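Hello,

Here is the structure I promised to pass on to you. Please have a look at it first, and then read on for what I found in it.

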Amino acid sequence: MPADLGLAVREHRKAHRLSTVQIAQQSGRSRDVLHRLERGDDVTVGSLFDILRAMGLCLRLERAGMPTLQEMQSRFGQDDEDAA
């Protein structure tokens, strides 16, 4: 999961043309910390939140595993009968 999070952070940064220098300055963290996060290495929770905040992002917690039908309907809309 840290590698997935790091990849998502890097992809978002690049897609929004945010430089490592810019994120480091806005987050108050070093570029090294950002690079470690993007590689999936360990960083402190405080560093993670500072970097995400500087990028305009936040974390959202979800239960691991496959969602239930009710969770899918809640997240993506109504069931098939309502679509007809």
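**What I found**

Of the contacts in the protein with a separation of 6 or more, 44% are between residues 24 or more positions apart. Please keep in mind as you read that this is a predicted model.

**The overall picture**

The protein has six helices and zero strands. Read from the N terminus, the order of elements is α-α-α-α-α-α. The C-alpha trace spans about 50 × 25 × 15 Å along its principal axes. The radius of gyration is 17 Å, whereas a compact globule of 84 residues would have one near 12 Å. Buried residues make up 24% of the 84 residues.

**How the helices pack**

Two packed helices are described by the angle between their axes and by the distance between those axes.

Let me begin with helix 1 and helix 3, whose axes are 6 Å apart and which pack at an angle of about 120°. That angle makes helix 1 oblique to helix 3. On the helix 1 side, the contact is made by Pro 2, Leu 5, Gly 6, Leu 7, Val 9, Arg 10 and Arg 13, and on the helix 3 side by Leu 34, Leu 37 and Glu 38. By class, this contact has six nonpolar, one polar and three charged residues.

Next come helix 2 and helix 3, whose axes come within 8 Å and cross at roughly 110°. This makes helix 2 roughly perpendicular to helix 3. The crossing of helix 2 past helix 3 is right-handed. Here Thr 20, Val 21, Ile 23 and Ala 24 of helix 2 meet Arg 31, Leu 34 and His 35 of helix 3. Four nonpolar, two polar and one charged residues form the contact of helix 2 with helix 3.

The last pair is helix 3 (residues 31-39) and helix 4 (residues 45-54), with axes that come within 11 Å and cross at roughly 95°. Helix 3 is therefore roughly perpendicular to helix 4. In this pair, Val 33, Leu 34 and Leu 37 of helix 3 meet Ser 47, Leu 48 and Ile 51 of helix 4. The residues of this contact divide into five nonpolar, one polar and no charged.

Is Val 9 buried or exposed? With a relative accessibility of 2%, Val 9 counts as buried, because the cut-off for that is under 20%. Leaving out residues up to four places away in sequence, Val 9 touches Leu 34, Leu 37, Glu 38, Leu 52 and Met 55.

Leu 18 lies in the loop between helix 1 (2-15) and helix 2 (20-27). Its relative accessible area is 16%, so Leu 18 is buried too. Which residues does Leu 18 touch, not counting residues up to four places away in sequence? They are Arg 13, Ile 23 and Met 55. By contrast, Asp 42 is 24 residues from Leu 18 in sequence and 22 Å from it in space, C-alpha to C-alpha.

Ser 47 has its place in helix 4. Ser 47 is buried, with a relative accessible area of 5%. Apart from its neighbours within four places in sequence, Ser 47 is in contact with Arg 29 and Val 33.

The buried residues of helix 4 are Ser 47, Leu 48, Asp 50, Ile 51, Leu 52 and Ala 54. What covers them includes helix 1, helix 2 and helix 3. Just after helix 4 comes Gly 56, with a positive phi of about 75°.

How many of the eight residues of helix 5 (residues 69-76) are buried? The number is zero, so helix 5 lies largely in the open. Just after helix 5, Gly 77 takes a positive phi of about 125°.

Best wishes

Definitions and conventions. Residues numbered from 1 in each chain as written. Predicted model: local features only at pLDDT ≥ 70, side-chain atom pairs only at ≥ 80, totals over all residues. Heavy atoms only, no water. Helix = DSSP H or I, 4+ residues; strand = E, 2+ residues; numbered from the N terminus. Buried < 20%, exposed > 50% of the residue type's maximum accessible area, 1.4 Å probe, protein only. Contact = heavy atoms within 4.5 Å. Axes fitted to C-alpha atoms, helices over the stretch in contact; angles between N-to-C directions. Parallel < 35°, antiparallel > 145°, perpendicular 65-115°, else oblique. Nonpolar A, V, L, I, M, F, W, Y, C, P; charged D, E, K, R; others polar. Left-handed = near helix turned anticlockwise from the far one by under 90°. Rg over C-alpha atoms; globule rule 2.2 N^0.38 Å.
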